[in-house]
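Let's take a walk through a protein together. Keep the picture open beside you and look for each place as it is named.

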Amino acid sequence: MSVEPAPQGVPARASAATAGPRTVAAHRQAVEDLLRTWFRDHPPAHETVALNAAAGRLLAAEVRAPGNLPPFTNSQMDGYAVRVADLAAGNQPADPGRVRLATAAPIPAGSAAPPLLPGTAAPVMTGAMLPEGADAVVPIEACTPDYFLPAGQAGSTVAVPADVSPGQFVRRAGSDIAAGTPALPAGAVLGALQLGLLAALGLDRVAVRARPRVLLLTTGDEVIEPGIPLGPGQIHDANTTLLRSSLQEAGAEVLRSRILADSPQEFTDRLRADVAADTPDLVLTSGGISKGAYEVVRQGLAAQDVAFLSVAMQPGGPQGIGTVDGVPFLGFPGNPVSSLVSFEMFLRPALSAVTGAPRPRAEVPARLTAPLGSPAGKHQVRRGRYTAGTVEPVGGPGSHLVHALASSNALISVPVGTEHLEAGAEVTVLLLE
Ligand SMILES: Nc1nc2c(c(=O)[nH]1)N[C@H]1C(S)=C(S)[C@@H](COP(=O)(O)OP(=O)(O)OC[C@H]3O[C@@H](n4cnc5c(N)ncnc54)[C@H](O)[C@@H]3O)O[C@H]1N2
Ligand code: MOO
């Protein structure tokens, strides 16, 4: 295949490159700004989805409770529904602390209860409707006998304690949330807890914001789809799967993914056709952006408003950022660990800040279990295994080490200015799970 040499001195990109490496914080801000501007001008559409397909989505608009929760006043215990006014006096001279009441018919769950007559106690199970007139529940273990008599046993009585407060073990209709009041705000992330509330409110569908839509491309003549045997010098494509999974976990939708060959013209033509056809919110590429003779992304996008620059971070130093035909573009480096670290350090936080999902990863302090070195002038991000306040470095700094990456659950940050850390030193780690 014919490959043109990398063009020299592309104006805007060259000035970014000669300004020296960008800090991690500055690049993170630039990625956030890029997405913020796009989504300000292209707010996500709304769509209605089934509740069981809404996990991780963002609520399009505030939801108000269509009815009370609980929908009716019910018992919090298996016991007897009573009228507190019947108990105050007590009626057992031999046992002044207790009151004997005639038992009414049991109240089955899932049906309407008849009113409770004065001087009676109705067996009621947890969640069953409280009869009209009852204002407290006495748990069965506080009664005598402390078990339920067979249903329909005529003339039976039960002794209950006299000191029962009104409202005891009663779950009032609307006490969790009252009909018409706000249940969840617009933009809420729908996790299990929020979806559980919507289900309890009887909603089976919910209006959510469209996910950020991503066109995902990886480049390189050597890169082959998994499942196809390797020829000489070839490697399997790890990045598409790594980035696709990361994007999906972060609430984005991958519209299309492709492996593109190292031909700048073909790359550009394919990319522009996909952008026109799919109208994505973001184009994300991996590979082809550093200083080699065949940097297909860098060369192919020379005419676009994209800067190829260096961030003072390892891995993930080379970065591309800008727009392609007006659509936000990020170019991550080809090494798989570099791509993943770029995603976690830049894109995931930007999606979180701009769209509200995913929730930010937790950053926690941890003590190193082994010494670490870091290149001068770089913010190094190492892979580690975090357990209970300590972190063990996993694998070396190499950005091709996918096995070590898969054994890690945290990214260890060694900031610019620190070149050596002893075992026991405190570092900040980003928890990946
Ligand atoms: N002379 C210099 N060489 C390099 C520099 C530099 O500053 N000067 N930077 C190095 C750093 S750091 C990185 S990171 C890489 C980034 O290179 P590219 O973004 O241009 O990526 P490629 O050269 O295309 O690939 C790098 C590496 O990753 C493998 N790769 C690519 N795509 C995939 C994929 N989809 N799945 C798995 N592996 C992939 C590729 O085979 C290469 O081994 O540049 C350094 N070089
Ligand atoms: O910065 Mo590269 O991303 O080391 O491997």
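Predicted model: local features only at pLDDT ≥ 70, side-chain atom pairs only at ≥ 80, totals over all residues.

Let's begin with helices. Two packed helices are described by the angle between their axes and the distance between the axes. Find helix α2, which covers residues 24-41, and helix α7, which covers residues 336-355. Their axes lie 9 Å apart and meet at an angle of about 45 degrees. Angles under 35 degrees count as roughly parallel and those from 65 to 115 as roughly perpendicular, so α2 and α7 are oblique to each other. The crossing of α2 past α7 is right-handed. On the α2 side, the residues that make the contact are Val 24, His 27, Arg 28, Val 31, Glu 32, Leu 35, Arg 36 and Phe 39. On the α7 side, they include Met 345, Phe 346, Leu 347, Leu 351 and Val 354. Sorted by class, the residues of this contact are twelve nonpolar, two polar and three charged.

Leu 351 sits in helix α7. Is Leu 351 buried or exposed? A residue is buried if 20 or more other C-beta atoms lie within 10 Å of its own; Leu 351 has 25 such neighbours, and therefore counts as buried. Setting aside residues within four places in sequence, Leu 351 is in contact with Leu 35, Pro 212, Ala 250, Ala 252, Ala 357 and Pro 358. Now look for Gly 395: Leu 351 is 44 residues away from Gly 395 in sequence, and their C-alpha atoms are 29 Å apart in space.

Helix α7 has another partner to show you. Helix α4, residues 239-249, packs with α7 at an angle of about 15 degrees, and the two axes are 10 Å apart. With the cut-off for roughly parallel at under 35 degrees, α4 and α7 are therefore roughly parallel to each other. Here too the crossing is right-handed, as α4 passes α7. Asn 239, Leu 242, Leu 243 and Ser 246 of α4 meet Pro 336, Ser 339, Leu 340 and Phe 343 of α7. This contact is made up of five nonpolar, three polar and no charged residues.

Next, let's turn to the ligands. Ligand 1 is surrounded by 25 residues, and the closest are Asn 239, Gly 287, Ser 290, Pro 333 and Gly 334. Which classes of residue form the shell around ligand 1? There are eight nonpolar, 13 polar and four charged residues in this shell. Around ligand 2 you will find Gln 314, Pro 315, Gly 316, Gly 317, Pro 333, Asn 335, Ser 338 and Ser 399. The shell of ligand 2 has two nonpolar, six polar and no charged residues.

Finally, follow the backbone itself. Most residues other than glycine have a negative phi, and most peptide bonds are trans. Some places here depart from that pattern. Thr 144 and Pro 145 are joined by a cis peptide bond, with omega about 0 degrees. Pro 145 belongs to the loop between β7 (136-139) and β8 (157-161). Another cis peptide bond runs from Ala 357 to Pro 358, with omega near 0 degrees. You can find Pro 358 in the loop between α7 and β21 (363-368), and Pro 358 is one of the contacts of Leu 351.

For positive phi, look at Asp 325, where the value is near 50 degrees. Asp 325 lies in the loop between β19 (318-324) and β20 (327-332). A residue is exposed if 12 or fewer other C-beta atoms lie within 10 Å of its own; Asp 325 has 12, so this residue is exposed. Beyond residues up to four places away in sequence, Asp 325 touches Arg 272 and Val 275. Ala 388 also has a positive phi, of about 45 degrees, although it is not a glycine. Its place is the loop between β23 (379-387) and β24 (390-393), and Ala 388 counts as exposed because it has 5 C-beta neighbours inside 10 Å.

Notes:
Residues numbered from 1 in each chain as written. Chains lettered and ligands numbered in written order. Axes fitted to C-alpha atoms, helices over the stretch in contact; angles between N-to-C directions. Helix = DSSP H or I, 4+ residues; strand = E, 2+ residues; numbered from the N terminus. Parallel < 35°, antiparallel > 145°, perpendicular 65-115°, else oblique. Left-handed = near helix turned anticlockwise from the far one by under 90°. Contact = placed C-beta atoms within 7 Å. Nonpolar A, V, L, I, M, F, W, Y, C, P; charged D, E, K, R; others polar. Near = placed C-beta within 6 Å.
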